Amino acid sequence: GQKSCNMATLAKTLAIVKPDAVDQTDEIVDRAKRAGFAVLNRRRVRMSPEAVSELYADVAQTEYFSKLIAFMSGGPCEVMVLANGGATVMDWLDFIGPEDPVDAIERHPESIRALYGNTDPEVEALRVKNLQNAVHGSATPAAAAREIRFFFPSEVVEPLPTAEASRKYINEKINPTLIKGLTALSKAKPADPLYFLADWLDSNNPNQPTVEEPDD
């Protein structure tokens, strides 16, 4: 069922529907939503071999790496940012089931990999690290952060602040400087008020780093 979650602890994970199951994306997404996962972002991508190499850099030393690259770059994938509470990464891994689809059928028959993974023992790819197992899920929160930024560079990965925390930050950190800037603006009465204020805020940013000029 649906989980209620505190926005201050909303964790995210990255899910990929792999080329072998991409035609079933809508069904997989529907099952995920019914299980309580919210889809925060999604896009269809066709990864280059270079992109696959970068994404799976942690397994670059393994003997099946070249087959993984060929498989993942061989067709489109659906990449998604998912959330369902504070333990999204582990919840998604539980939901998709064991890496081996045959194992998934025995131990977790309702899981995504049991339902959509390729279990044909004649398929060459099955002898190579469960390539055709329908979906990918980030292994850890740190991996999720890296993988989300890989596909969605503008996505905020850190836990989202509460409304109260946001208000406190604005009142303590932003408003005092802004009020000073508006006061300076009203005294100067410049021809271009917006440009003046932007320039003043840039010069008087309390968070800017202090850079010491080197001595000649």
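## Salt bridges and a nonpolar patch

Arg44 is partly exposed, with 46% relative accessibility. Here, buried means under 20% relative accessible area, exposed means over 50%, and partly exposed lies in between (1.4 Å probe, protein chains only). The model is predicted, so local features need pLDDT of at least 70, side-chain atom pairs count only at pLDDT 80 or more, and totals for chains, interfaces and linings use all residues. Residues are numbered from 1 along each chain as its sequence is written, and side-chain values use heavy atoms, with hydrogens and water left out.

Arg44 forms a salt bridge with Glu78. The term means a side-chain nitrogen of Lys or Arg within 4 Å of a carboxyl oxygen of Asp or Glu. Side chains of opposite charge can pair when their charged atoms come close. In the pair of Glu78 and Arg44, the closest N and O atoms are 2.4 Å apart. This pair links distant parts of the chain: Glu78 sits in strand β3 (residues 77–85), Arg44 in strand β2 (residues 38–45), and 34 residues separate them. Helices (H or I, at least four residues) and strands (E, at least two) are DSSP runs, numbered from the N terminus. Glu78 is buried, at 5% relative accessible area. Both residues belong to a salt-bridge network that also includes Asp26 and Arg42.

The structure holds six salt bridges. Three of them are listed here.

| Glu78 | Arg44 | 2.4 Å |

Asp30 and Arg34 share helix α1 (residues 25–34). They are four residues apart, about one turn of the helix. Asp30 is partly exposed, with a relative accessible area of 39%. Arg34 is exposed, at 53%.

Lys168 and Glu172 both lie in helix α8, again four residues apart, about one turn of the helix. Lys168 is partly exposed, at 48% relative accessible area. Glu172 is partly exposed too, at 49%.

Helix α8 spans residues 163–188 and contains Tyr169. Tyr169 is partly exposed, with a relative accessible area of 45%. Together with Ile170, Ile174, Leu178 and Leu182, Tyr169 makes a nonpolar surface patch of about 420 Å². Patches are made of residues with over 30% relative accessible area and no salt bridge; like charges are joined within 9 Å, nonpolar side chains (Val, Leu, Ile, Met, Phe, Trp, Tyr) within 5 Å. Accessible areas come from the Shrake-Rupley method with a 1.4 Å probe, and for residues only the protein chains shown count as cover.
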